[in-house]
Amino acid sequence: MKKCKLKRAGLLATAAVAAFVINGHAQSVDSLLDKLVDKGVLTVKEANELRAESDKDFDKAYAAKTGMPEWVTALKFNGDVRVRYENFTAENPAFNDQNRFRFRLRFGAVATFMDDFEAGFRLTSSQQQGNFGGDPISGNATMTDNASKKYIFIDQAYGKWSPLKGPHLSGSLTVGKMENPFVFTDLVFDQDYTPEGIAMQSAYRFNDAQTVQLIGGAFVLDELAGSSDESYLYGVQARLDSSWTTKIKTSAGVAGLFIANDQNLVNGAVPNINRGNDRNPDPVPGTYPVYNFNPIVADASLTYMFDSAPLYTGPFPIKVGGDAIYNPGAPSASASLADNYGYSAGILIGKSGKKGTWELAYTWKYLGGNAWWEELVDSDFGAFYQVPLANSGLGAGYGSGTGVQGHIVKLAYSPYDCITLSAKWFRTELLNGSPPGSDSIMNRVQVDALWKF
(Lines give C-alpha, C1' and ligand atoms only; values in the text may rest on other atoms or scores of the structure.)
Protein backbone atom coordinates (compact mmCIF):
# COMPACT_ATOMS: atom_id res chain seq x y z
CA MET A 1 0.00 0.00 0.00
CA LYS A 2 2.83 2.39 0.92
CA LYS A 3 4.54 1.63 -2.39
CA CYS A 4 1.34 2.45 -4.30
CA LYS A 5 1.05 5.77 -2.46
CA LEU A 6 4.62 6.69 -3.32
CA LYS A 7 4.09 5.72 -6.95
CA ARG A 8 0.89 7.79 -7.06
CA ALA A 9 2.78 10.73 -5.48
CA GLY A 10 5.52 10.42 -8.06
CA LEU A 11 2.97 10.47 -10.88
CA LEU A 12 1.32 13.55 -9.36
CA ALA A 13 4.69 15.25 -9.08
CA THR A 14 5.43 14.45 -12.72
CA ALA A 15 2.07 15.82 -13.78
CA ALA A 16 2.60 18.99 -11.74
CA VAL A 17 5.99 19.58 -13.31
CA ALA A 18 4.59 18.99 -16.79
CA ALA A 19 1.78 21.46 -16.12
CA PHE A 20 4.27 24.11 -15.07
CA VAL A 21 6.31 23.57 -18.24
CA ILE A 22 3.33 23.60 -20.59
CA ASN A 23 2.01 26.81 -19.08
CA GLY A 24 5.37 28.57 -19.47
CA HIS A 25 6.30 28.52 -15.77
CA ALA A 26 9.47 26.43 -16.01
CA GLN A 27 11.26 28.86 -13.71
CA SER A 28 9.02 27.62 -10.87
CA VAL A 29 9.84 23.94 -11.37
CA ASP A 30 12.93 24.00 -9.14
CA SER A 31 11.05 25.48 -6.19
CA LEU A 32 8.19 23.00 -6.65
CA LEU A 33 10.54 20.01 -6.70
CA ASP A 34 12.43 21.30 -3.66
CA LYS A 35 9.17 21.46 -1.71
CA LEU A 36 8.25 17.91 -2.75
CA VAL A 37 11.66 16.70 -1.54
CA ASP A 38 11.25 18.54 1.76
CA LYS A 39 7.89 16.85 2.32
CA GLY A 40 9.35 13.42 1.57
CA VAL A 41 7.24 12.88 -1.55
CA LEU A 42 10.34 12.60 -3.75
CA THR A 43 13.93 11.62 -3.16
CA VAL A 44 16.73 13.95 -4.25
CA LYS A 45 17.58 11.57 -7.10
CA GLU A 46 13.98 11.49 -8.33
CA ALA A 47 13.77 15.28 -8.16
CA ASN A 48 16.94 15.67 -10.20
CA GLU A 49 15.62 13.24 -12.84
CA LEU A 50 12.35 15.17 -13.08
CA ARG A 51 14.27 18.45 -13.26
CA ALA A 52 16.31 17.16 -16.20
CA GLU A 53 13.17 15.95 -17.98
CA SER A 54 11.39 19.26 -17.43
CA ASP A 55 14.38 21.17 -18.84
CA LYS A 56 14.27 19.07 -22.00
CA ASP A 57 10.52 19.58 -22.38
CA PHE A 58 10.85 23.31 -21.80
CA ASP A 59 13.67 23.63 -24.35
CA LYS A 60 11.55 21.83 -26.97
CA ALA A 61 8.50 23.99 -26.24
CA TYR A 62 10.59 27.19 -26.27
CA ALA A 63 12.19 26.30 -29.60
CA ALA A 64 8.81 25.41 -31.13
CA LYS A 65 7.19 28.67 -29.98
CA THR A 66 9.98 31.06 -30.94
CA GLY A 67 11.38 29.31 -33.99
CA MET A 68 14.83 29.49 -32.40
CA PRO A 69 17.35 26.63 -32.66
CA GLU A 70 17.31 24.25 -29.72
CA TRP A 71 20.70 25.53 -28.49
CA VAL A 72 19.20 29.00 -27.82
CA THR A 73 17.93 28.86 -24.25
CA ALA A 74 16.73 32.46 -23.88
CA LEU A 75 16.29 35.67 -25.86
CA LYS A 76 15.83 39.00 -24.09
CA PHE A 77 15.20 42.47 -25.48
CA ASN A 78 16.11 45.68 -23.69
CA GLY A 79 16.43 49.40 -24.29
CA ASP A 80 15.48 52.91 -23.27
CA VAL A 81 14.34 56.26 -24.61
CA ARG A 82 15.58 59.50 -23.06
CA VAL A 83 14.33 63.00 -23.90
CA ARG A 84 16.41 65.97 -22.70
CA TYR A 85 16.18 69.74 -22.42
CA GLU A 86 19.57 71.43 -22.08
CA ASN A 87 20.57 75.00 -21.20
CA PHE A 88 24.03 76.64 -21.35
CA THR A 89 24.83 79.99 -19.73
CA ALA A 90 28.12 81.74 -19.00
CA GLU A 91 29.25 84.81 -17.11
CA ASN A 92 31.59 85.81 -19.93
CA PRO A 93 29.70 88.19 -22.29
CA ALA A 94 31.54 86.62 -25.23
CA PHE A 95 29.35 83.50 -24.83
CA ASN A 96 25.86 83.37 -26.30
CA ASP A 97 23.41 81.50 -24.06
CA GLN A 98 22.05 78.33 -25.67
CA ASN A 99 19.02 76.04 -25.39
CA ARG A 100 18.55 72.73 -27.13
CA PHE A 101 16.41 69.60 -27.09
CA ARG A 102 17.89 66.15 -27.59
CA PHE A 103 16.94 62.48 -27.39
CA ARG A 104 18.68 59.15 -27.06
CA LEU A 105 17.27 55.82 -28.26
CA ARG A 106 18.86 52.47 -27.40
CA PHE A 107 17.57 49.01 -28.32
CA GLY A 108 19.29 45.67 -27.92
CA ALA A 109 18.95 41.94 -27.54
CA VAL A 110 20.87 39.21 -25.73
CA ALA A 111 20.70 35.54 -26.77
CA THR A 112 21.77 32.90 -24.24
CA PHE A 113 23.01 29.56 -25.57
CA MET A 114 23.82 26.15 -24.19
CA ASP A 115 27.34 25.53 -22.88
CA ASP A 116 27.61 28.94 -21.17
CA PHE A 117 27.69 31.14 -24.29
CA GLU A 118 25.82 34.34 -25.12
CA ALA A 119 25.78 36.94 -27.89
CA GLY A 120 24.28 40.39 -27.89
CA PHE A 121 23.91 43.65 -29.72
CA ARG A 122 22.64 47.15 -29.05
CA LEU A 123 21.72 49.96 -31.43
CA THR A 124 21.84 53.63 -30.45
CA SER A 125 21.09 57.05 -31.81
CA SER A 126 24.01 59.48 -32.10
CA GLN A 127 25.38 62.41 -34.09
CA GLN A 128 27.25 61.63 -37.31
CA GLN A 129 30.98 62.42 -36.97
CA GLY A 130 32.23 62.92 -40.52
CA ASN A 131 33.41 59.62 -42.00
CA PHE A 132 33.85 57.96 -38.61
CA GLY A 133 30.28 56.97 -37.81
CA GLY A 134 28.62 58.06 -34.56
CA ASP A 135 29.97 59.93 -31.55
CA PRO A 136 31.92 57.33 -29.46
CA ILE A 137 31.04 59.02 -26.16
CA SER A 138 27.41 60.09 -26.68
CA GLY A 139 24.17 58.58 -27.93
CA ASN A 140 22.38 61.93 -28.07
CA ALA A 141 20.75 63.26 -31.23
CA THR A 142 19.80 66.95 -31.42
CA MET A 143 16.29 67.98 -32.45
CA THR A 144 17.06 70.27 -35.41
CA ASP A 145 17.15 70.59 -39.21
CA ASN A 146 13.38 70.60 -39.81
CA ALA A 147 12.79 67.20 -38.19
CA SER A 148 15.36 65.45 -40.38
CA LYS A 149 15.62 61.67 -39.94
CA LYS A 150 18.26 60.74 -37.38
CA TYR A 151 21.03 58.17 -37.53
CA ILE A 152 21.17 54.77 -35.84
CA PHE A 153 24.55 53.15 -35.09
CA ILE A 154 25.88 49.87 -33.67
CA ASP A 155 26.64 50.48 -29.99
CA GLN A 156 27.39 46.88 -28.99
CA ALA A 157 28.06 43.65 -30.90
CA TYR A 158 29.75 40.94 -28.83
CA GLY A 159 30.11 37.28 -27.99
CA LYS A 160 30.65 36.02 -24.45
CA TRP A 161 31.71 32.77 -22.82
CA SER A 162 31.22 32.19 -19.08
CA PRO A 163 32.77 28.79 -18.29
CA LEU A 164 33.20 29.49 -14.57
CA LYS A 165 29.97 29.71 -12.60
CA GLY A 166 30.81 28.10 -9.29
CA PRO A 167 29.63 29.19 -5.84
CA HIS A 168 33.02 30.82 -5.22
CA LEU A 169 34.82 31.25 -8.56
CA SER A 170 33.24 32.87 -11.63
CA GLY A 171 34.74 34.10 -14.88
CA SER A 172 33.91 35.19 -18.41
CA LEU A 173 35.57 36.19 -21.67
CA THR A 174 34.01 38.78 -24.02
CA VAL A 175 35.04 39.75 -27.56
CA GLY A 176 33.68 42.43 -29.86
CA LYS A 177 32.17 45.84 -29.12
CA MET A 178 30.95 45.67 -25.55
CA GLU A 179 29.79 47.38 -22.39
CA ASN A 180 32.84 48.81 -20.63
CA PRO A 181 34.09 45.94 -18.39
CA PHE A 182 35.99 48.24 -16.03
CA VAL A 183 34.34 49.80 -12.97
CA PHE A 184 35.15 53.51 -13.26
CA THR A 185 33.34 56.81 -12.86
CA ASP A 186 33.17 59.33 -15.70
CA LEU A 187 36.42 60.82 -14.39
CA VAL A 188 38.05 58.08 -16.49
CA PHE A 189 35.48 56.97 -19.09
CA ASP A 190 32.30 58.55 -20.40
CA GLN A 191 29.46 56.22 -19.44
CA ASP A 192 28.40 55.90 -23.11
CA TYR A 193 31.80 54.58 -24.24
CA THR A 194 31.64 50.97 -25.51
CA PRO A 195 35.19 49.70 -26.23
CA GLU A 196 36.11 47.29 -29.02
CA GLY A 197 38.40 44.34 -28.37
CA ILE A 198 38.63 41.59 -25.76
CA ALA A 199 37.95 41.55 -22.00
CA MET A 200 38.30 39.07 -19.16
CA GLN A 201 36.28 39.32 -15.95
CA SER A 202 36.71 37.01 -12.98
CA ALA A 203 35.60 37.03 -9.36
CA TYR A 204 36.32 34.98 -6.27
CA ARG A 205 33.79 34.97 -3.45
CA PHE A 206 35.61 34.23 -0.20
CA ASN A 207 32.42 34.21 1.84
CA ASP A 208 29.12 36.06 2.14
CA ALA A 209 31.01 39.23 3.07
CA GLN A 210 33.98 39.56 0.69
CA THR A 211 34.39 39.21 -3.08
CA VAL A 212 37.50 40.07 -5.08
CA GLN A 213 37.37 40.85 -8.80
CA LEU A 214 40.04 40.91 -11.49
CA ILE A 215 39.27 42.63 -14.80
CA GLY A 216 41.51 42.89 -17.84
CA GLY A 217 41.06 44.24 -21.33
CA ALA A 218 42.79 45.04 -24.62
CA PHE A 219 40.98 47.39 -26.99
CA VAL A 220 41.55 48.89 -30.43
CA LEU A 221 41.64 52.70 -30.58
CA ASP A 222 42.65 53.10 -34.22
CA GLU A 223 43.58 50.69 -37.01
CA LEU A 224 46.10 51.89 -39.59
CA ALA A 225 46.16 50.47 -43.09
CA GLY A 226 49.68 49.56 -44.17
CA SER A 227 51.18 49.93 -40.69
CA SER A 228 51.66 47.78 -37.61
CA ASP A 229 51.71 50.78 -35.24
CA GLU A 230 48.02 50.74 -34.39
CA SER A 231 46.90 52.47 -31.22
CA TYR A 232 45.65 50.18 -28.45
CA LEU A 233 44.30 50.61 -24.95
CA TYR A 234 45.31 48.06 -22.31
CA GLY A 235 44.04 47.86 -18.76
CA VAL A 236 43.86 45.73 -15.64
CA GLN A 237 41.79 46.37 -12.51
CA ALA A 238 41.48 44.66 -9.13
CA ARG A 239 38.53 45.26 -6.81
CA LEU A 240 37.37 44.22 -3.36
CA ASP A 241 33.67 44.42 -2.49
CA SER A 242 32.75 43.87 1.16
CA SER A 243 29.54 43.61 3.18
CA TRP A 244 30.56 44.20 6.79
CA THR A 245 27.00 44.11 8.14
CA THR A 246 23.53 44.15 6.63
CA LYS A 247 23.81 47.95 6.64
CA ILE A 248 27.45 48.70 5.80
CA LYS A 249 29.14 47.96 2.48
CA THR A 250 32.45 49.10 1.01
CA SER A 251 34.08 48.89 -2.39
CA ALA A 252 37.66 49.67 -3.40
CA GLY A 253 39.69 49.27 -6.54
CA VAL A 254 43.02 49.98 -8.17
CA ALA A 255 43.81 49.90 -11.89
CA GLY A 256 46.54 50.49 -14.41
CA LEU A 257 45.84 51.75 -17.94
CA PHE A 258 48.16 52.15 -20.90
CA ILE A 259 47.75 53.54 -24.43
CA ALA A 260 50.20 52.16 -26.98
CA ASN A 261 51.29 54.22 -30.00
CA ASP A 262 49.45 57.33 -28.86
CA GLN A 263 51.65 59.34 -31.25
CA ASN A 264 49.26 58.16 -33.98
CA LEU A 265 46.20 59.63 -32.25
CA VAL A 266 46.30 62.91 -34.16
CA ASN A 267 43.20 65.09 -34.30
CA GLY A 268 42.06 63.63 -37.62
CA ALA A 269 42.66 59.97 -36.71
CA VAL A 270 39.53 59.52 -34.60
CA PRO A 271 36.38 61.60 -33.93
CA ASN A 272 37.65 64.85 -32.40
CA ILE A 273 35.04 65.44 -29.66
CA ASN A 274 36.91 66.62 -26.56
CA ARG A 275 39.95 68.79 -25.89
CA GLY A 276 42.42 69.53 -23.08
CA ASN A 277 45.62 67.54 -23.83
CA ASP A 278 48.86 69.26 -24.77
CA ARG A 279 49.40 68.45 -28.46
CA ASN A 280 52.35 68.65 -30.84
CA PRO A 281 52.02 71.92 -32.84
CA ASP A 282 53.70 70.58 -36.00
CA PRO A 283 51.07 69.56 -38.61
CA VAL A 284 53.64 67.08 -39.94
CA PRO A 285 53.59 64.36 -38.64
CA GLY A 286 50.45 65.64 -36.89
CA THR A 287 48.98 67.19 -33.77
CA TYR A 288 49.37 64.13 -31.56
CA PRO A 289 49.41 64.22 -27.73
CA VAL A 290 52.78 65.43 -26.42
CA TYR A 291 52.82 63.08 -23.41
CA ASN A 292 52.18 59.36 -22.93
CA PHE A 293 49.17 57.97 -21.11
CA ASN A 294 49.83 55.21 -18.57
CA PRO A 295 47.80 56.32 -15.53
CA ILE A 296 47.11 54.63 -12.23
CA VAL A 297 43.51 54.87 -11.01
CA ALA A 298 42.20 54.20 -7.49
CA ASP A 299 38.72 54.46 -6.00
CA ALA A 300 36.87 53.72 -2.76
CA SER A 301 33.32 54.06 -1.46
CA LEU A 302 31.27 53.41 1.66
CA THR A 303 27.52 52.73 1.64
CA TYR A 304 25.25 52.79 4.69
CA MET A 305 21.74 51.38 4.37
CA PHE A 306 18.95 52.91 6.47
CA ASP A 307 15.72 51.03 7.01
CA SER A 308 13.60 53.76 5.44
CA ALA A 309 13.39 57.45 4.49
CA PRO A 310 10.59 59.95 3.81
CA LEU A 311 8.86 59.50 0.44
CA TYR A 312 11.16 56.58 -0.39
CA THR A 313 10.19 52.95 -1.04
CA GLY A 314 12.41 50.31 0.56
CA PRO A 315 15.80 50.48 2.33
CA PHE A 316 17.50 53.85 1.92
CA PRO A 317 21.23 54.00 0.93
CA ILE A 318 23.70 56.81 1.48
CA LYS A 319 26.99 56.44 -0.35
CA VAL A 320 30.18 58.49 -0.06
CA GLY A 321 33.19 57.91 -2.25
CA GLY A 322 35.83 59.22 -4.56
CA ASP A 323 38.46 58.31 -7.11
CA ALA A 324 41.81 59.61 -8.31
CA ILE A 325 43.92 59.30 -11.45
CA TYR A 326 47.66 59.96 -11.79
CA ASN A 327 49.53 59.85 -15.09
CA PRO A 328 53.32 59.44 -14.64
CA GLY A 329 53.71 59.74 -18.40
CA ALA A 330 53.24 63.52 -18.14
CA PRO A 331 54.87 66.14 -15.87
CA SER A 332 53.00 67.54 -12.87
CA ALA A 333 52.76 70.90 -14.67
CA SER A 334 53.54 71.23 -18.36
CA ALA A 335 54.48 74.36 -20.27
CA SER A 336 50.76 75.07 -20.66
CA LEU A 337 50.26 74.56 -16.87
CA ALA A 338 48.24 71.37 -17.55
CA ASP A 339 48.32 68.90 -14.63
CA ASN A 340 48.88 65.13 -14.83
CA TYR A 341 46.34 64.13 -12.18
CA GLY A 342 42.65 64.30 -11.38
CA TYR A 343 40.20 63.35 -8.66
CA SER A 344 36.52 63.43 -7.76
CA ALA A 345 34.62 63.10 -4.48
CA GLY A 346 30.94 63.06 -3.73
CA ILE A 347 27.89 61.82 -1.90
CA LEU A 348 24.85 59.95 -3.21
CA ILE A 349 21.71 60.08 -1.05
CA GLY A 350 19.13 57.50 -2.08
CA LYS A 351 19.06 55.67 -5.41
CA SER A 352 16.47 56.14 -8.15
CA GLY A 353 15.48 53.48 -10.69
CA LYS A 354 12.61 51.65 -8.99
CA LYS A 355 9.09 52.86 -8.33
CA GLY A 356 8.90 55.31 -5.45
CA THR A 357 12.66 55.92 -5.16
CA TRP A 358 14.70 59.11 -5.53
CA GLU A 359 18.26 60.34 -5.27
CA LEU A 360 20.20 63.49 -4.57
CA ALA A 361 23.87 63.57 -5.53
CA TYR A 362 26.76 66.01 -5.34
CA THR A 363 30.21 65.58 -6.94
CA TRP A 364 33.30 67.75 -7.09
CA LYS A 365 35.59 66.91 -9.98
CA TYR A 366 39.09 68.07 -10.93
CA LEU A 367 40.68 66.68 -14.10
CA GLY A 368 44.12 67.88 -15.17
CA GLY A 369 44.77 68.51 -18.86
CA ASN A 370 47.23 65.60 -19.27
CA ALA A 371 45.83 63.23 -16.65
CA TRP A 372 44.21 61.03 -19.31
CA TRP A 373 43.41 60.95 -23.02
CA GLU A 374 40.81 63.64 -23.70
CA GLU A 375 38.69 61.51 -26.07
CA LEU A 376 37.61 59.00 -23.39
CA VAL A 377 36.32 61.23 -20.59
CA ASP A 378 32.85 62.65 -19.88
CA SER A 379 31.52 64.66 -22.82
CA ASP A 380 29.16 66.59 -20.50
CA PHE A 381 31.97 68.03 -18.35
CA GLY A 382 33.34 71.15 -20.01
CA ALA A 383 33.76 74.93 -19.85
CA PHE A 384 34.06 78.04 -22.06
CA TYR A 385 36.98 78.63 -24.41
CA GLN A 386 36.95 82.29 -25.42
CA VAL A 387 39.61 81.48 -28.01
CA PRO A 388 40.41 78.03 -29.46
CA LEU A 389 42.74 75.81 -27.44
CA ALA A 390 46.05 75.61 -29.29
CA ASN A 391 46.40 72.57 -31.58
CA SER A 392 43.06 71.10 -30.48
CA GLY A 393 41.50 71.25 -33.92
CA LEU A 394 38.35 72.73 -32.36
CA GLY A 395 37.05 76.29 -32.31
CA ALA A 396 36.07 78.72 -29.57
CA GLY A 397 32.97 78.16 -27.43
CA TYR A 398 31.86 75.49 -24.99
CA GLY A 399 34.20 72.50 -24.93
CA SER A 400 34.34 69.31 -22.87
CA GLY A 401 37.31 67.12 -22.01
CA THR A 402 40.26 67.43 -19.63
CA GLY A 403 41.65 70.58 -17.97
CA VAL A 404 38.31 71.28 -16.23
CA GLN A 405 37.10 71.49 -12.62
CA GLY A 406 33.69 72.05 -11.09
CA HIS A 407 30.55 71.08 -9.20
CA ILE A 408 27.86 68.60 -10.30
CA VAL A 409 24.46 68.34 -8.59
CA LYS A 410 21.78 65.81 -9.58
CA LEU A 411 18.20 65.17 -8.44
CA ALA A 412 16.19 62.20 -9.78
CA TYR A 413 12.84 60.56 -9.01
CA SER A 414 11.25 57.35 -10.34
CA PRO A 415 7.42 57.50 -10.11
CA TYR A 416 7.26 54.08 -11.80
CA ASP A 417 9.71 51.27 -12.47
CA CYS A 418 9.90 52.24 -16.12
CA ILE A 419 10.25 56.03 -15.78
CA THR A 420 12.89 58.23 -14.17
CA LEU A 421 12.77 62.04 -14.14
CA SER A 422 15.97 63.93 -13.37
CA ALA A 423 17.68 67.31 -13.36
CA LYS A 424 21.43 67.87 -13.37
CA TRP A 425 23.46 71.06 -12.94
CA PHE A 426 27.12 71.56 -13.85
CA ARG A 427 29.04 74.66 -12.70
CA THR A 428 32.49 74.35 -14.20
CA GLU A 429 35.56 76.27 -15.31
CA LEU A 430 38.83 75.68 -17.09
CA LEU A 431 41.91 75.08 -14.96
CA ASN A 432 43.72 77.53 -17.25
CA GLY A 433 41.62 80.06 -19.13
CA SER A 434 41.76 80.33 -22.91
CA PRO A 435 43.19 82.94 -23.24
CA PRO A 436 44.86 83.06 -19.80
CA GLY A 437 42.89 85.19 -17.36
CA SER A 438 39.60 84.93 -19.29
CA ASP A 439 36.35 83.98 -17.57
CA SER A 440 35.60 80.35 -18.47
CA ILE A 441 32.81 79.60 -15.94
CA MET A 442 29.84 77.71 -17.41
CA ASN A 443 26.45 76.67 -16.08
CA ARG A 444 24.97 73.65 -17.86
CA VAL A 445 21.52 72.32 -16.90
CA GLN A 446 20.05 69.02 -18.14
CA VAL A 447 16.42 68.01 -17.54
CA ASP A 448 15.70 64.39 -18.53
CA ALA A 449 12.81 61.99 -18.84
CA LEU A 450 13.91 58.34 -19.25
CA TRP A 451 11.69 55.40 -20.22
CA LYS A 452 13.35 51.97 -19.95
CA PHE A 453 12.22 48.52 -21.02
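Trainee: Happy to start simple: what percentage of the residues in the chain is buried?

Mentor: Keep in mind that this is a predicted model. The chain has 453 residues, and the share of them that is buried is 42%.

Trainee: How many salt bridges does the chain have?

Mentor: Good one to ask! The chain carries 41 positive and 47 negative side chains. Side chains of opposite charge can pair when their charged atoms come close. With a cut-off of 4 Å between nitrogen and carboxyl oxygen, the number of salt bridges is 18.

Trainee: How many residues apart in sequence are the parts that Arg-104 and Asp-192 tie together?

Mentor: The closest N and O atoms of Arg-104 and Asp-192 are 3.6 Å apart, which makes a salt bridge. Arg-104 sits in strand E2, while Asp-192 belongs to the loop between strands E6 and E7, so the parts tied together are separated in sequence by 88 residues.

Trainee: Is Asp-192 buried or exposed?

Mentor: Buried means under 20% relative accessible area. Asp-192 has 18% relative accessibility, so Asp-192 counts as buried.

Trainee: Which residue forms a salt bridge with Arg-122 at 2.7 Å, N to O?

Mentor: Glu-179 forms a salt bridge with Arg-122, with the closest N and O atoms 3.6 Å apart. Glu-179 is partly exposed at 43% relative accessibility. The salt bridge at 2.7 Å joins Arg-122 to Asp-155.

Trainee: Which residues are linked with Arg-104 and Asp-192 in a network of salt bridges?

Mentor: Arg-104 and Asp-192 already form a salt bridge with each other. The network also takes in Asp-80 and Arg-106.

Note on methods: Residues are numbered from 1 along each chain as its sequence is written. This is a predicted model: local features need pLDDT of at least 70, side-chain atom pairs count only at pLDDT 80 or more; totals for chains, interfaces and linings use all residues. Side-chain values use heavy atoms; hydrogens and water are left out. Buried means under 20% relative accessible area, exposed over 50%, partly exposed in between (1.4 Å probe, protein chains only). Lys and Arg count as positive and Asp and Glu as negative; His and the chain ends are not counted. The place of a charge is taken as NZ of Lys, CZ of Arg, CG of Asp or CD of Glu. A salt bridge is a side-chain nitrogen of Lys or Arg within 4 Å of a carboxyl oxygen of Asp or Glu. Helices (H or I, at least four residues) and strands (E, at least two) are DSSP runs, numbered from the N terminus.
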